[in-house]
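Hi,

Here is the structure I promised to send over. Have a look at it first, and then read on for my notes on the side chains.

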Amino acid sequence: MTLMTPAPLDQEDEEMLVPHSDLVEGPQPMEVVAQADASSAVENQPVEDPQTSRFTWTIENFSRLNTKKHYSEIFVVGGFKWRVLIFPKGNNVDHLSMYLDVADSATLPYGWSRYAQFSLSVVNQIHNKYSIRKDTQHQFNARESDWGFTSFMPLSDLYDPGRGYLVNDTCIIEAEVAVRKILDYWTYDSKKETGFVGLKNQGATCYMNSLLQTLYHIPYFRKAVYHMPTTENDMPSGSIPLALQSLFYKLQYNDNSVATKELTKSFGWDTYDSFMQHDVQELNRVLCEKLEDKMKGTVVEGTIQQLFEGHHMNYIECINVDYKSTRKESFYDLQLDVKGCRDVYASFDKYVEVERLEGDNRYQAENHGLQDAKKGVLFIDFPPVLQLQLKRFEYDFMRDTMVKINDRYEFPLQLDLDRENGKYLSPDADRSVRNLYTLHSVLVHSGGVHGGHYYAFIRPTLSDQWFKFDDERVTKEDTRRALEEQYGGEEELPQTNPGFNNTPFKFTKYSNAYMLVYIRESDKEKIICNVDEKDIAEHLRIRLKKEQEEKEDKRKYKAQAHLFTIIKVARDEDLAEQIGKDIYFDLVDHDKVRSFRIQKQWPFTLFKEEVAKEFGIPVQYQRFWIWAKRQNHTYRPNRPLTPQEEAQSVGQLREVSTKVNNAELKLFLEVELGPDLRPIPPPEKTKEDILLFFKLYDPEKEELRYVGRLFVKSSGKPIEILTKLNEMAGFAPDEEIELYEEIKFEPCVMCEHLAKRTSFRFSQIEDGDIICFQKSAPPESEEQCRYSDVTSFLEYVQNRQVVHFRALERPKEDDFCLELSKLHNYDDVVERVARRLGLDDPSKIRLTSHNCYSQQPKPQPIKYRGVEHLSDMLVHYNQSSDILYYEVLDIPLPELQGLKNLKVAFHHATKDDVIIHNIRLPKQSTVGDVINELKTKVELSHPNAELRLLEVFYHKIYKIFPPSEKIENINDQYWTLRAEEIPEEEKNLGPHDRLIHVYHFTKETVQNQMQVQNFGEPFFLIIHEGETLAEVKERIQKKLQVPDEEFSKWKFAFLSLGRPEYLQDSDIVSSRFQRRDVYGAWEQYLGLEHSDTAPKRAYAANQNRHTFEKPVKIYN
């Protein structure tokens, strides 16, 4: 999928902006289309047809572009000016970043907006079908005047000359833009317009949203979910039934779109799972299996089977003897072929197609030996709700990757599976059941194989009115939008100059149906049933209504917030409770003190009466201090309120107390207690009096606590209050104590020794200052305490960090935790980890940092002493983590870093197998060293066999590495390194012999052009002067050990720069390989054309690095 973010402003270290507030910030784990289709907001209102145009941008000298941003020229669509913006080296990511930009946004009038659906493409100039295209839509405005894809494609693919995106240092970019005039996009109300609400997208959960809406709109299914037993003690985040009940209830009764976070939490998904785009069919199966399991032993047991389960019969029937083998199997959904089928009926025809088992493929029949037979599938019964998964995604053997099938594929409004006298039914089928189905929903995928957007067209009551459920937005749609427009295939763009005889441009429709849900006519009344409040358990109704009421209270609270001031009152009791537990620096956490919500027009004297009621402190004994933020970022009581201020209203006082537009007023309540601990009037305060706060530190216990406050004279000296401090601490009156002033703690701790015989004024002590004190420690005890004085203790507290360590091979599980200091250096950290693991040599520990956005280890480990401090290990962009991953190496890390690791695929000379070997050698080693190392690991055909190392990429040999080449710069990430024995015949080349490249290929027609696709394993072959093709073929067949029947189907051609010239058996092969004017030897080869698509060997190590999808798991 594709994460779409506006291109940020011109800042070097900007955060990527993410429009959805419920997405995590920063670079994302995967690409997400999280934007609703704005066009749907007004589908039921008269709008003009969109104006569409295609813009092609050819960028020469691409690799020499040295600007961070690069803009195209301006083009006009729908009367608006547009341009394409790219970041050639990535917008702070290792991908090409590309956006569509409103070219004249700076000069447009205030409040402008425009809506566009668009696609951006990087054209593959070798094979057009591998062009990368991504689609989206956006409401452009002054705040978001550009929109697109921060991670469009990996830079490694773009800049790789073999991939075809950069040819002769030229890159071709295409933008297709459709502009539609829209009405009031932002105020659209789904519930008001359609009666339904949407589901919020968590980031990449549109695939799940479309499935959940489909299941919700099967009322029988919804009723069964409501009837699953849950209790008021269950929590939605830990119970799938309750989470689904809650979600369905909100879909039924809410006025706004519904969040799915509780449901995904009940699946046991972490945030990373939510940001993975999974396969809908897989999610559907796993969810239904979970529900089926949870329904066991309840009143709704068996509902899933009753709704979705059908049965088919697999059979093999012998032709010449009386023998038949059958096996009954159940299904919840059917996978139908799209490729090669024009519609659903053609797919069903293919599904039940009879296969002949004959020749080498005959069937081993019990007691009859090998027999010619017929093999096939027939249906015993179909379910009331028929789910059809359309195989839009298939594995392409040629390219060794998944591709999306965008071919046109039709599906009817009514599906008759009894057609042609029940051709799909088995002899055992109950013919009295009429298998006539009506289309209920169409789930659509828009985009390519690596991502896109999902939404659903549903008609909840099977009437003529369709609705489009696109995440949060629900719109009314007509039948044509739900059916014909989702068939896929190609569409013609309207001609821009109809007067000229230009050929209309056809483009592939990337939005098409991938799942269909049909409901059997005879079961319609039962399935589309009435579901109302009586179907919902009372405890659930009460709980959900209470949630709604709380939500409404919050809304009202928010709406009235401007009429009130929040007053937060801190007291001595708060300081005593928090210091040394929740906080160590400053005096109090204001979020944890008593707060009052007071109307702004109230006189402050009325507020004091509220305080008297709350705390039992009579008004005349209350004195309030205003807090102030100092320049060093500490926050302290600054001065008492004046009588004039106390005569004002709460709102006026709040404005006096804070320059910031903040609805909060923070106060400290000073209450003096008499000898009987009852409140007494506060003492008179002159300018000479200073209010100080005192903390006591105990080095042995490593404890800090608040012991009280005192007024002192600014002309006085600390020595005059030592007896009082000892009394506050519970020490003997003459105990020797040391005093420190806590000055600040950001960015580093500043806590300085306070001279006892210097006046407070000379030491610059003022109201609100904090004095920390402790017993004077004899020198010998200092060594026994970790932190012998308050300064070292506060530095420890400021920098301590509990780090969760995980083994790199188990990145989801904490292995152990260590309390470390952010100031620990690299050696300190690995030494502590080694000690915890019982390892003698810390240099064998390798650490890897945590990616806060993907919740995974970073791809590159931390180098030996590659960072200064623990704090550097834990930071990722602007976020800080508390997770590190560790590995225990078999050799010290500095030694390993001096080594190069190469993945080499060894092809045995006579056996048809390939073994991958990891070769680890010093970086300054040569290819010859690799070969010598490999010889110790592999089985050779004879002891004196010589090896060579080749670079193979996309089934072509690009290089034979000379033995003297250094291995440091060899890249095994994108190409395959192949090792093989050098055949004896190659060692004795005659003067006129030639070593040529031989590749397998097939031909494919793409957009009316023939293209050559290489596959399989390439190899070298010697051809002798005057040798005919017939003689060469004989040697090739022997080398590859291909049976005559298969070999006879192959065609042989000479290919230069992708163009085949077919050869006859009598042609002299060497005469074709005389030219020298070719770009590289790999572009001129003998091609073996196969008519079928199955390569000889399935092995393709690292040929096109799969990004394997994470399987869907529901953990609870």
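Let me start with a question: is Asp767 buried or exposed? Keep in mind while you look that this is a predicted model. Asp767 comes out as buried, because its relative accessibility is 15% and the cut-off for buried is under 20%. Its partner is Lys685, and the two side chains meet in a salt bridge at 3.1 Å, N to O. This pair links distant parts of the chain, 82 residues apart: Asp767 sits in the loop between β38 (750–753) and β39 (770–775), while Lys685 is in the loop between β34 (679–680) and β35 (689–698). Lys685 itself counts as partly exposed, at 24% relative accessibility.

That is one of the 78 salt bridges that a search of the whole structure turned up. Side chains of opposite charge can pair when their charged atoms come close. Two others I looked at:

- Lys713 and Asp689 form a salt bridge, with 2.7 Å between the closest N and O atoms. Lys713 belongs to strand β36 (residues 703–713) and Asp689 to strand β35, so this pair ties together parts that are 24 residues apart in sequence. Asp689 is buried, at a relative accessible area of 9%, whereas Lys713 is partly exposed, at 43%.
- Arg480 and Glu485 meet through their side chains in a salt bridge of 2.3 Å, N to O. Arg480 is partly exposed with a relative accessible area of 45%, and Glu485 also counts as partly exposed, at 25%.

There is a network to look at as well: salt bridges link Asp586, Arg630, Arg636, Lys695, Glu742, Glu766 and Asp769.

Now for the rings. The search of the whole structure gives 45 aromatic pairs. In one of them, Tyr249 and Tyr253 have ring centres 4.8 Å apart and planes at 45°, so the pair is tilted. Both tyrosines lie in helix α5 (residues 240–253), where they are four residues apart, about one turn of the helix.

Phe604 and Phe624 make an edge-to-face pair, 5.6 Å from centre to centre and with 85° between the planes. Phe604 is in helix α16 (residues 604–615) and Phe624 in strand β30 (residues 623–629), so the pair ties together parts that are 20 residues apart in sequence. Phe604 is buried, with a relative accessible area of 0%, and Phe624 is buried with a value of 0% too.

Last, charges over rings. Which residue lies over the face of Tyr216? That is Arg222, at 4.0 Å from the ring centre. Lys324 has its charged end over the ring of Tyr315, 5.5 Å from the centre of that ring.

Cheers

Notes:
Residues numbered from 1 in each chain as written. Predicted model: local features only at pLDDT ≥ 70, side-chain atom pairs only at ≥ 80, totals over all residues. Heavy atoms only, no water. Phe/Tyr/Trp six-rings, centres within 6.5 Å; stacked < 30°, edge-to-face > 60°. Helix = DSSP H or I, 4+ residues; strand = E, 2+ residues; numbered from the N terminus. Buried < 20%, exposed > 50% of the residue type's maximum accessible area, 1.4 Å probe, protein only. Lys NZ or Arg CZ within 6 Å of the ring centre and 35° of its normal. Salt bridge = Lys/Arg side-chain N within 4 Å of Asp/Glu carboxyl O.
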